[in-house]
Amino acid sequence: MELGIYTFGEIGDDPEAGGARLAEVLEQAEAAERVGLDVFGVGEHHRPEFLVSAPAVVLSAIAARTSRIRLTSTVSVISSDDPVRVFQSSRRST
């Protein structure tokens, strides 16, 4: 069994909160690794109240700060991406 957490990087109604919220997401991922969780995921959203519109970019930043925890995208918006590429990416990570 694997245990993990995920986030959508909610920033609410304050678009200026994005930088601070990104720092929090990175810290959450590091903390998840420190306490021994297996997985950390971020979900993709394309609305102003959410931070993550490009999960691969955020996951790359997390990968630079962690070494053991498995990273994953938890939500992909197929209508805003190439469905074949999303499928192929998901097959490589499993």
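Thr72 is found in strand β3. Strands here are DSSP runs of E with at least two residues, and helices are runs of H or I with at least four; both are numbered from the N terminus. The model is predicted: local features need pLDDT of at least 70, side-chain atom pairs count only at pLDDT 80 or more, and totals for chains, interfaces and linings use all residues. Residues are numbered from 1 along each chain as its sequence is written, and side-chain values use heavy atoms, with hydrogens and water left out.

Thr72 is partly exposed, with a relative accessible area of 22%. The accessibility classes are buried (under 20% relative accessible area), exposed (over 50%) and partly exposed (in between), for a 1.4 Å probe and protein chains only. Leaving aside neighbours within four places in sequence, Thr72 is in contact with Val39, Phe40, Gly41, Val42 and Leu59. Contact means heavy atoms within 4.5 Å. The C-alpha atoms of Thr72 and Gly41 are separated by 4.6 Å. Along the chain, these two residues are 31 residues apart.

The protein chain has 3 helices and 3 strands. Along the sequence they follow the pattern β-α-β-α-β-α. Of the 94 residues in the protein chain, 29% are buried. Among contacts with a separation of 6 or more, 69% join residues 24 or more positions apart.

The strands form an open sheet of 3 strands in the order β1-β2-β3, with parallel pairing. Strands β1 and β3 are the edge strands, and each pairs on one side only. Neighbouring strands are turned by 25° against each other on average, direction ignored. Axes are lines fitted to C-alpha atoms, for helices over the stretch in contact; angles run from 0 to 180 degrees between N-to-C directions. Two strands count as paired if DSSP finds at least two bridges between them. In general, strands of a sheet pair through backbone hydrogen bonds, either parallel or antiparallel.

Strands β1 and β2 run parallel and are joined by 4 bridges. Gly4 has Val39 in β2 as its bridge partner. Helix α1 packs on the sheet and touches β1 and β2. The direction of α1 makes about 155° with that of β2. From β2, the chain crosses through helix α2 (residues 55-63) to β3 in a right-handed β-α-β crossover. Right-handed means that, with the strands pointing away from the viewer, the path from the first strand over the helix to the second runs clockwise.

Thr7 is found in strand β1 (residues 4-7). This residue is buried, with a relative accessible area of 7%. Not counting residues up to four places away in sequence, Thr7 touches Arg21, Val25, Gln28, Phe40, Gly41, Val42 and Gly43. The Thr7 side chain also reaches the backbone nitrogen of Gly9 at 2.9 Å.

The count of salt bridges comes to 5. A salt bridge is a side-chain nitrogen of Lys or Arg within 4 Å of a carboxyl oxygen of Asp or Glu. Glu2 forms one with Arg70, the closest N and O atoms being 2.8 Å apart. Glu2 lies in the segment before β1 and Arg70 in strand β3, so this pair ties together parts that are 68 residues apart in sequence. Arg70 is partly exposed, at a relative accessible area of 38%.

Glu10 forms a salt bridge with Arg21, with closest N and O atoms 3.6 Å apart. Glu10 lies in the loop between β1 and α1 (18-34) and Arg21 in helix α1, so the pair ties together parts that are 11 residues apart in sequence. Glu10 is partly exposed at 39% relative accessible area, whereas Arg21 counts as buried at 12% relative accessibility.

The side chains of Glu49 and Arg47 also meet in a salt bridge (2.3 Å, N to O). Glu49 counts as partly exposed at 23% relative accessibility. Arg47 counts as partly exposed at 46%. Salt bridges that share partners join Glu10, Arg21 and Glu24 into one network.

Key. Polar contact = N/O pair within 3.5 Å; in protein donor to acceptor, adjacent residues only side chain to side chain.
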